[in-house]
Every structure is written in C-alpha cells, then in structure tokens.
Amino acid sequence: MSDLEFFLLLLASISVPLVILNLIKRKQSGLNLPPGNTGWPFLGETIGYLKPYSATSIGDFMEQHISRFGEIYKSNLFGEPTIVSADSGLNRFILQNEGKLFECSYPRSIGGILGKWSMLVLVGDMHRDMRTISLNFLSHGRLRTHLLPEVVKHTLLVLSSWKENCTFSAQDEAKKFTFNLMAKHIMSLDPGKPETEQLKKEYVTFMKGVVSAPLNFPGTAYRKALQSRSTILKFIELKMEERIQKLRGGGFENMEDDDLLGWVLKHSNLSTEQILDLVLSLLFAGHETSSVAIALAIYFLEGCPNAVQQLREEHLEISRAKKQSGELELSWEDYKKMEFTQCVISETLRLGNVVRFLHRKALKDVRYKGYDIPCGWKVLPVIAAVHLDPSLFDQPQQFNPWRWQQNNGNRGNSSSWSTATNQNFMPFGGGPRLCAGSELAKLEMAVFIHHLVLNYNWELVDKDQAFAFPFVDFPKGLPIKVRHHNFT
C-alpha cells in the first residue's frame, strides 16, 4: 500500500465517524432534550453519580442536578447518553410501558457476571417465561404451605445462635438467614453442611464482583467473581445431574418437588444453561435484597423505641392468642394480622431504598412533559428520589412507620392518601417486571421482626449507617449487642 493510499484510508476512518456523529447531532438538534450536563468524554458523569452517599438521602450529585436542572435531566452515564428521572409520573410511565416504549438495559458487565439468561437482563418473551416460572413457584399457595414454615425455621436457627454481651454483625446475620433460606428453597441444601458453607463462601466472592468495577484483570474482584461464578455453576449442574439420575431411576415421584431446581426440571423445558442462570439469578435476588432490608429494619428500629414497643404489643397479642388456642407455629392468618409490622416494612423500604434506580432504554422516540427522550438512549428511573421527595412524603428522611396507617389523622382523606402513596411507592419496581419475590421478601421481614421483638432488645455498639455504593451496605457491618428477653 502506497503512502497516499494509506493516508486516504486513514482520512476515511477518521472522517466517517465524524460525519455520522454530526448527523446524529443534527437530528438531536431538532429535539427538545431535558437540560443537563454530559460531563467528560465516554466517562460522562458516571464517577460522580456512583460516589457513595447516605442511603437515606439521594446524595449530593442528585440533589445538585435536580436543583439545577429539575427532576428530569440529561447526562452521560455508564458510557451512554442518559435521561435521569426523579419524576414520579415519568417513573411510572417508564415501568408501565415496559416492552412497548422502554425495555430493560443493564450494563454489559452485569450480564457478563449474572449470565445472559439471568432474569435481571432478559427482555421480551424469554423474560416473561422465566418470570412465570418464578411466580408459579412463589405462588400464594406455596408461600402459605411450604415457605412460611421454612422462613420460621431459618429465622429461629439464626436468632437462637445469638449470645448476650457479644458484639456481632447484624448485617452478616441477616445475610446468613436469607442465604440459608434461599439455598434450602432453591436446592434443598441444609444450613451448616460443608457443601452449603462452601457454596456460601464462593457466593460471597461472587457478590463482591457483582458490585465492583468491571475490570477483568488478574487479582481484581470482578475476575475473582467470574471464577466463583464458574465454581457455583458447576455445583448447581452437579445437583441437576443428581436429580436427573433420580428421575431416570425411579420416575417423577422420587424427585424433590419442594425446591426450585426440582420444580423447574419437572415443569419446564429450559436448557441446562438457562436453568443454571435462573438458579444463580434467583439466589442473587432472593438473598441480597432481603438481607439488606432486614439489616435496615434492625437499624431504623434501634433508633425508634416507640415503633419497637408497638411492634411488641402487636406480636404479643398474636403470640398469646396462639397459646390460648393451643397452636405453636405461626400461621398465614397470624401473618395477615401483622398490620403495624407491614407499616414498618413499608417505611424501611421507602427510607432505605434497597433498589435505588433501574436501567432502561428507550425503544422509540418518546415525548413526556414537553421533553424528548430519543430512541436508543438509556433511561434511569430513580426510585429513591421519589421515595425521598418532600412534596410526596412528609419529612421523608424521618423513619415514621405511622405514615402508612390509613387512619393517620394527620393526612385528612385516608383513601386519597393511600392511593397517592401506592402510586409513588415502588420498592419492588413495577409493571411487567415487578419483582417476582416481593411477597416472599415481605414475609421474611415480618417473621424475622416477629421473633426479634419477642425475644430480644438490641443496641448499636459502634456508630454505623447504611451507604449507597450504589448498592446499599453498612460499612462496619452494623455491629450490635443483644439482651435476651422472653416477652411472651
């Protein structure tokens, strides 16, 4: 190739992208984009957006951008042009139009570590099919008959190990509870057994990579997580092969149907790869978010003795009624009586915001409140910003479970207050992608709170608070001491 030919080729390689970029800019120049700032080339404003901050706030970045640009603004996040929404109406609009105007669009690194068949990253018919499997296994009937007794059993297993005057991490205890429950629920693994403990060890390494920078180099958390993912999938596949051998040897009746793995093998046509990613993603979703929510409840309640007292009265009434009737185990009817407990759960999820924001992408050009959202742009509905909006929730940074009582005298028309609250309260997302495990998560929290307030008083040993990284975590693990009391 001559120097002239090389020069012309180089010129073309530079000029073609510039022409395309110019055409895109011309097209966008006719759009009424929200105000905002795109930040640095490629990086955009991602570093500032992901800077850790108190989980009971929206952070300086969001506060400054909302103050300057309003509740809908443009940015450049995760390497893509982005519309950020702190607007409750737009957030509902986005979630309700899933698959029509918007679709789930997580960063590629998330799919790389959770798997291409993970429910978190799937879209369209395949996501619907996977979600249907999860919903069938988490049906109302199974929650009542299978899962409630298991939740009680695993709660008591963790709480009974607590010793007085010993400092321990409440966050770790919550994670132990939810991991053991999900391992039993998904693959019939018993807590404390060597294989369960080894899986837990690999899972901890895996989780550190999920929430780390996606740097696939030796020694990084992301690389270690990919290695742990491989180990976990091999373990799950071995359990699958054991089940299939049972199936071939003795028919369906000899195979476990009480766990997810057995249920999927018997009732679905998923491939091995699809089952592996489904099991891993449900272990991730069912363990991580619920454990954080329980740790947040312990944290918030420690600073609100009036709420603890009212909880104790509610659960004492349930416990005494059971003793009078000669019953021992919690029933579904008992769970439905935990009305103030549900207020505490709602307030914990509103103030703590386990899921801060969601990743979506515009499938078409969309116009909302006079602003244009171009096709292909990333869209981030920020759930936490709505939950902490003072125009929607009175004193939003205060832990106030009584705000959820329909007979709250401070709210005038309780019916309209309830409707408005339900519209703006989205801790489990919404629309077709509403979290399939939302009812199980609330059941776990309620049962854990029931036994916690009836058996213990607790206090923080060291100052700690939840931070958003953006995943929610207690930097010190939420160290507490307990004093055992049998309030029944």
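Predicted model: local features only at pLDDT ≥ 70, side-chain atom pairs only at ≥ 80, totals over all residues.
1. Let's begin with the packing. In general, nonpolar side chains of soluble globular proteins tend to be buried together. Here the largest nonpolar core counts 120 residues, and Met62, Trp162, Met187 and Trp458 have the most contacts inside it. Helix α12, spanning residues 272-302, supplies the largest share of this core, with 17 residues.

2. Met62 deserves a look in your viewer. Leaving aside residues up to four places away in sequence, Met62 touches Tyr49, Tyr73, Val84, Ala86, Val382 and Ala385.

3. Leu90 leads us on to helix α4, which covers residues 88-96. The buried residues of this helix are Ser88, Gly89, Leu90, Asn91, Ile94 and Leu95. At the start of α4, you can find a side-chain oxygen of Asp87 within 3.1 Å of the backbone nitrogen of Gly89.

4. Now for a sheet. Three strands form an open sheet in the order β5-β13-β10, and their pairing is antiparallel. The edge strands, β5 (168-169) and β10 (456-460), each pair on one side only. As a reminder, strands of a sheet pair through backbone hydrogen bonds.

5. How many bridges join β5 to β13? There are two, and β13 takes in residues 479-484. To see one of the partners, pick Phe168: its bridge partner in β13 is Ile480.

Technical notes. Residues numbered from 1 in each chain as written. Heavy atoms only, no water. Buried < 20%, exposed > 50% of the residue type's maximum accessible area, 1.4 Å probe, protein only. Helix = DSSP H or I, 4+ residues; strand = E, 2+ residues; numbered from the N terminus. Polar contact = N/O pair within 3.5 Å; in protein donor to acceptor, adjacent residues only side chain to side chain. Pairing = 2+ DSSP bridges. Core = buried A, V, L, I, M, F, W, Y, C linked by side-chain atoms within 4.5 Å. Contact = heavy atoms within 4.5 Å.
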